[in-house]
Amino acid sequence: MNSLFPSIVSRSQSSGLMNFFVPIISIVLTLITGSIIFVLLGFDPVYALYTFFISPISSTYGISELFVKATPLALIAIGLSYCFKNNIYNIGAEGQLTMGAIFGGGIGILFHDTNAFWLLPLMIFGGAIGGALWGLIPAILKTKFNTNEILTSLMLVYVALYILDYLVVGPWKDPFGYSFPKSRPFSESGRMPLLFDGLRVHFGLIITLFLIFVSWFIFSKTIFGFQLKVSGYSPKAARYAGFNQTTLVFFAFAICGAFAGIAGLAEVSGPIGLLYRDISPNYGFTAIIVAFLGRLHPIGIIFASLVIALTYLGAEDAQLFLQIPSAVGFIFQGLVLFYLLGAELLINYKLTYKKLL
Amino acid sequence: MSDTILNIENITKSFPRVIANKKVTFDIKKNAVHAILGENGAGKSTLVKILYGLLEPDEGNIKLNNKDFKVNSPAEARKQGIGMVFQHFSLFDSLSVKENLILGIDEKMSYSDLENKLENISSRYNLPLDLDAPITALSAGEKQRVEIVRILLQDPKILIMDEPTSVLTPQEVESLFVTLNALVKEGRTILYITHKLEEVISICDTVTIMRSGEIIDTSSTSNQTAKTLATKMLGQKLDDLKTNYEHIKDEVNFEVKNISCDFNDPFLTDLKNISFQVRVGEIYGIAGVAGNGQSELMDILTGENINIKSGSITFDNKKIEKYGPQKRRDLSISFVPENRLGHSAVPELSLSDNILLSQFPKNNFIKNGIILKNNVDDFANNVINEFKVITPGNDAKASSLSGGNLQKYVIGREISSKPKILIISHPTWGIDAGAEHSIRESLIELSQNGTSIIVISQDLDELIEITHKISVIYDGNLSKPFKTSEVGIEKLGLLMGGKNE
């Protein structure tokens with residue numbers, strides 16, 4: 001006879017198979033919990049799940065929207081993986097995104113009546129610089145004063161949001177905008193080109209895929225990627241090897257900030273076209289879930305960004321057709337992260353049923 | 001039978017990759033010192049952890065005084081009369097001796113009761129203690145005394161001692177033996193876990209020899225010699241290692257001069273005016289009881305710590321005390337710190353990847369920042385073949401290797417780049433005798449080919465076996481060097497205990 005409850009036994013080697021299955025397990029558990037929540041709210045769970053997860057992507061426009069949402073998520077998540085691989089917990093991607101939007105968008109506002117091929121590249125560059133500079137603040141605080149980057153990067157998010165707020169109600173307010181808190185629109189050449197007529201999916205997707213490929217190359221083929229990994233696994237071994245950990249912290253934050261900054265700029269110069277208060281529905285925070293759901297692996301992050309993007313679309317449809325508050329999307333995101341962290345146990349441990357004598 | 005206190009029958013315990021105990025069966029007589037002898041990894045610790053309630057056996061029975069004995073926790077084991085002194089002390093460093101003792105007792109007791117009891121124990125068993133001293137101020141021998149007293153306060157019938165002499169000076173060992181004899185005279189039984197042959201012969205009455213989880217033999221020690229025990233313990237005969245002095249050149253290529261280092265940290269030992277010289281082809285040993293500044297010195301020799309207060313390190317006529325690890329490697333200085341997992345190797349990475357932790361200018365592992373995977377793999381395969389590392393391949397994770405195999409791999413990695421000097425800490429710590437022998441052999445061979453070697457080790461036998469010159473570190477001070485073939489173990493023992501005539 002076996003005992004009723006399994007006991008947790010550590011594996012001699014962490015399981016590669018589980019490494020692959022853990023995200024899938026957590027998604028399945030999320031769907032089960034989600035349907036229970038729908039039942040408790042009095043909905044037919046099959047219909048509710050269909051409305052949430054299938055109907056949003058049953059049209060070409062829906063699929064394009066999926067990519068519009070997945071683009072910033074994937075780009076920020078791949079940037080975050082530079083930090084997370086190095087065991088640096090940069091929680092402030094939302095602030096770095098905002099700063100990228102301010103720097104890049106500021107260039108767009110400055111040249112609002114210029115039409116030239118160099119404008120968009122300049123804005124993208126500005127976005128990267130803005131995000132990177134904002135990311136370097138916690139890096140400096142961490143390496144010089146040994147502060148906790150979780151706190152500093154998180155607090156800087158709110159600083160960045162208030163700076164944006166100040167700009168769009170103050171100096172950068174659109175003089176022809178009837179006092180709405182928004183900037184002038186960018187000129188046509190300051191906008192991300194659309195990939196298909198009539199769909200909102202834009203050139204940011206191409207930039208994202210390119211940067212994901214570059215990151216894959218850096219992580220798997222270069223000594224820099226190796227150094228990030230080693231100092232994440234074991235700072236002592238990195239010190240033994242003679243890797244400069246201060247430099248690694250700076251690079252990780254700068255790259256992550258730059259990627260988040262580009263994502264922010266791609267949002268304002270893509271679907272939005274100007275600066276205003278709410279440029280991001282928490283992409284910077286949600287990307288943390290994407291990064292871990294994708295197991296910090298470039299391919300994994302692509303898939304994870306699509307799954308999480310779907311929760312954004314599903315939440316909108318659920319609000320329209322089921323009259324459920326769109327916050328239910330955040331519930332799904334939270335559930336995914338919750339189950340993901342729980343299921344990670346299975347990578348290094350297994351459940352066994354002990355024999356009762 | 002009435003003179004048997006503990007019957008161990010068919011105990012089996014397996015872990016994911018190994019069977020640690022295979023049908024272990026033997027009896028322990030009352031009122032005696034019973035040794036369990038075996039190499040690291042023979043299954044001794046697993047067995048005593050089962051006795052002490054820390055592990056649950058898969059199969060088998062234990063009888064204490066002819067009654068079934070089954071415990072699920074150390075507290076239960078203590079209640080039944082079994083106490084244990086661990087190899088690694090479990091004391092609160094910042095608390096006093098008295099506070100540690102009170103915390104370790106299962107029942108409530110006032111300080112005055114404790115003091116009365118202690119006085120009794122201290123005088124009866126030769127265990128003097130300063131009750132108000134903080135643990136940090138104590139030597140390893142004194143800490144062990146605290147541990148023993150803590151157990152004796154609960155009046156155990158059986159006392160398990162796990163490798164009790166591994167951190168003691170030879171003189172402290174003698175005083176421990178006096179205590180153990182007094183305990184046995186009072187009718188207590190001692191289960192003595194060790195891999196040191198001489199100790200078994202000098203203090204134990206009966207010996208049980210374990211090898212790869214199985215009992216090889218249980219017999220009286222009276223008709224055994226160190227040789228007969230060794231053969232049974234190892235199952236094979238190892239050749240004696242020989243060092244000779246002929247190949248050593250007069251030229252000094254590594255010199256440490258007056259290094260001092262203050263840490264302002266009660267858990268680190270300040271280094272005081274350390275100086276030594278190593279000649280080309282010489283093996284220089286630094287002996288000492290753990291915690292006397294070895295790891296602090298190692299960090300300074302490797303360049304992981306370059307914040308020294310004063311002094312200099314010269315290698316090949318270059319001042320290198322401000323160089324970090326990589327710059328030192330560029331000069332062909334190689335090092336292996338004590339800890340394998342997470343220091344000299346990353347357990348989560350493959351063997352191939354672990355090669356990249358230590359790169360020398362000749363290696364050609366990287367071009368324009370891109371890893372030349374083929375070169376790294378070739379190098380890894382070479383190390384695996386040449387140093388007989390047992391592994392499925394170069395893509396196996398470092399964590400999947402046994403301690404001995406990983407250490408052979410790490411040392412092989414360093415030796416393969418033919419360094420001019422190798423600085424190594426505790427080269428054979430926690431590994432099996434076979435790997436230990438092969439590592440010592442490769443170090444001797446390396447020195448004969450002209451590499452200077454600095455070995456920091458707690459294992460005095462090891463240093464005497466392989467070094468040419470030996471110094472002792474005590475409380476951050478390094479003694480003058482002695483020629484290994486001439487210095488006696490007694491002299492070294494006194495220095496390790498801080499006694500300098």
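**Local geometry, helix packing and chain contacts in a predicted two-chain model**

Asn364(B) lies in the loop that runs between α11 (351-355) and β17 (366-367) of chain B. The model is predicted, and in it the phi angle of Asn364(B) is near 55°, a positive value in a residue other than glycine. Asn364(B) has 12 C-beta neighbours inside 10 Å and therefore counts as exposed, since the limit for that class is 12 or fewer. A positive phi is also found at Asn264(B), where the angle is near 50° in a residue that is likewise not glycine. Asn264(B) is placed in the loop between β11 (252-261) and β12 (271-279) of chain B. With 6 other C-beta atoms within 10 Å, Asn264(B) is exposed.

Confidence in chain A was examined by element. The mean pLDDT of chain A is 91, and 97% of its residues score at least 70. Within chain A, the lowest confidence falls in strand β1 (residues 7-10), with a mean of 74, and the highest in helix α5 (residues 119-145), at 97.

Two helices, one from each chain, illustrate one-sided burial. In chain B, helix α3 (residues 97-104) has Val97(B), Asn100(B) and Leu101(B) as its buried residues. These cover an arc of only 100° around the axis, and so they sit on the same side of α3(B). The partners against which the buried residues of α3(B) pack are α4 (111-125) and α5 (140-152) of chain B. In chain A, the buried residues of helix α2 (residues 45-54) include Ala48(A), Thr51(A) and Phe52(A). Viewed down the axis of α2(A), the buried residues fall within an arc of 90° and therefore line one face of the helix. That buried set of α2(A) packs against α1 (16-40) and α12 (298-322) of chain A.

Ile76(A) belongs to helix α3 (residues 60-85) of chain A. Leaving aside residues up to four places away in sequence, Ile76(A) touches Ala93(A), Leu97(A), Phe259(A), Ala260(A), Ala263(A), Tyr283(A), Gly284(A) and Ala287(A). Between Ile76(A) and Phe332(A), the separation is 256 residues in sequence and 20 Å in space, C-alpha to C-alpha.

Two packed helices are described by the angle between their axes and the distance between the axes. For helix α8 (residues 223-233) and helix α10 (residues 245-272) of chain A, the axes come within 11 Å and cross at roughly 110°. Because angles of 65 to 115 degrees count as roughly perpendicular, α8(A) and α10(A) are assigned to that class. In this contact, Gln227(A), Leu228(A) and Ser231(A) of α8(A) meet Gln245(A), Leu248(A) and Ala252(A) of α10(A). By class, the residues of the contact of α8(A) with α10(A) comprise 3 nonpolar, 3 polar and no charged.

Helix α8 of chain A also takes part in the contact between the chains. In that contact, 17 residues of chain A meet 26 residues of chain B. On the side of chain A that touches chain B, the elements giving two or more residues are α8 and α9 (235-241) of chain A. This side of chain A consists of 8 nonpolar, 5 polar and 4 charged residues.

Note on methods:
Residues are numbered from 1 along each chain as its sequence is written. Chains are lettered from A and ligands numbered from 1 in the order in which they are written. This is a predicted model: local features need pLDDT of at least 70, side-chain atom pairs count only at pLDDT 80 or more; totals for chains, interfaces and linings use all residues. pLDDT is the predictor's confidence in each residue, from 0 to 100. Helices (H or I, at least four residues) and strands (E, at least two) are DSSP runs, numbered from the N terminus. A residue is buried if 20 or more other C-beta atoms lie within 10 Å of its own, exposed if 12 or fewer, and partly exposed in between; C-beta atoms are placed from the backbone. The arc is that of the directions from the helix axis to the C-beta atoms. Two residues are in contact if their C-beta atoms, placed from the backbone, lie within 7 Å. Axes are lines fitted to C-alpha atoms, for helices over the stretch in contact, and angles run from 0 to 180 degrees between N-to-C directions. Angles under 35 degrees count as roughly parallel, over 145 as roughly antiparallel, 65 to 115 as roughly perpendicular and the rest as oblique. Ala, Val, Leu, Ile, Met, Phe, Trp, Tyr, Cys and Pro count as nonpolar, Asp, Glu, Lys and Arg as charged, and the others, Gly among them, as polar.
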